[in-house]
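Here's a quick briefing to read with the model open beside you.

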Amino acid sequence: MSRFAIQRHYKSMMPLVQLGKQIHDAGRLEPRLIDLVLMRVSQINGCAYCLDMHSKDARAAGETEQRLYVLPAWRETTLFSERERIALAWAEELTELASHDAVSDALYEQARQLFDEDALVDLTLLVVTINSWNRINIAARTIGGSYKPGQHG
């Protein structure tokens, strides 16, 4: 059962909503890449509500089921572009933060070859934003499963 209703406090969360919209509207990250990052971070964090939402939105936007199914094992498949692979690695390292050196210099150098500075900042903010939403929904114990594609966007 939910601990508190996100919708009741949505006004307080508008900065996160606006940040997500700003990242999307900037156009520096492809929509499919955004969907993959949102899914992967939500998988790592175990947020059922966000997984339900982002899998449905990704499918509605044309993402394949196959890529969503193998996303947890993206390193072991050829289904993802080099840019997507670097974005997923960046998202994982930034989400897991095992140490102060977690987002490695080697990964940063790879990312800078595929993302200009503005796009890399957008990618970082995207990861920060979905981590925040995951934590809010997990704290609230928001129930997944009833989301309709496009409901929050």
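Predicted model: local features only at pLDDT ≥ 70, side-chain atom pairs only at ≥ 80, totals over all residues.

**A residue to start with**

Val103 is partly exposed, with a relative accessible area of 24%.

**Around Val103**

- You'll find Val103 in the loop between helix H5 (82-96) and helix H6 (105-114).
- Which residues does Val103 touch, not counting those up to four places away in sequence? They are Trp90, Glu93, Leu94 and Leu97.
- Trp90 is 13 residues from Val103 along the chain, and their C-alpha atoms are separated by 7.1 Å.

**The whole chain**

- How many helices and strands are there in the chain? Count 7 helices and 0 strands.
- Read from the N terminus on, the elements go α-α-α-α-α-α-α.
- The chain is as compact as a globular protein of its length, because its radius of gyration of 15 Å is close to the 15 Å that the globule rule gives for 153 residues.
- If you draw a box around the C-alpha atoms along the principal axes, it comes out at roughly 45 × 30 × 30 Å.
- Of the 153 residues in the chain, 39% are buried.
- Take the contacts between residues at least 6 apart in sequence: 72% of them join residues at least 24 apart.

**Asn131, inside a helix**

- Asn131 sits in helix H7, which covers residues 117-140.
- Is Asn131 buried or exposed? Its relative accessible area is 8%, so Asn131 is buried, given that the cut-off for buried is under 20%.
- Setting aside neighbours within four places in sequence, Asn131 is in contact with Val41, Asn45 and Thr95.
- With Thr95, there's also a polar contact of 3.0 Å between the two side chains.

**Ala140 and Arg141, around the end of H7**

- Ala140 belongs to helix H7, while Arg141 lies in the segment after H7.
- Ala140 counts as buried, at 0% relative accessibility.
- Arg141 counts as partly exposed, at 46% relative accessibility.
- What does Ala140 contact, leaving aside its neighbours within four places in sequence? Look for Ser2, Arg3, Phe4 and Ile6.
- Ala140 and Gln110 are 30 residues apart in sequence, and from C-alpha to C-alpha they are 37 Å apart in space.
- Now check the backbone of Arg141: its phi is positive, about 60°, although Arg141 is not a glycine.
- As background for that angle, most residues other than glycine have a negative phi.

**Tyr69, out on the surface**

- Tyr69 is in helix H4, which spans residues 65-70.
- With a relative accessible area of 62%, Tyr69 is exposed, because the cut-off for exposed is over 50%.
- Which side chain makes a polar contact with the side chain of Tyr69? That partner is Glu65, at 2.6 Å.
- Cys47 is 22 residues from Tyr69 along the chain, and the C-alpha atoms of the two are separated by 16 Å.

Terms used. Residues numbered from 1 in each chain as written. Heavy atoms only, no water. Helix = DSSP H or I, 4+ residues; strand = E, 2+ residues; numbered from the N terminus. Rg over C-alpha atoms; globule rule 2.2 N^0.38 Å. Buried < 20%, exposed > 50% of the residue type's maximum accessible area, 1.4 Å probe, protein only. Contact = heavy atoms within 4.5 Å. Polar contact = N/O pair within 3.5 Å; in protein donor to acceptor, adjacent residues only side chain to side chain.
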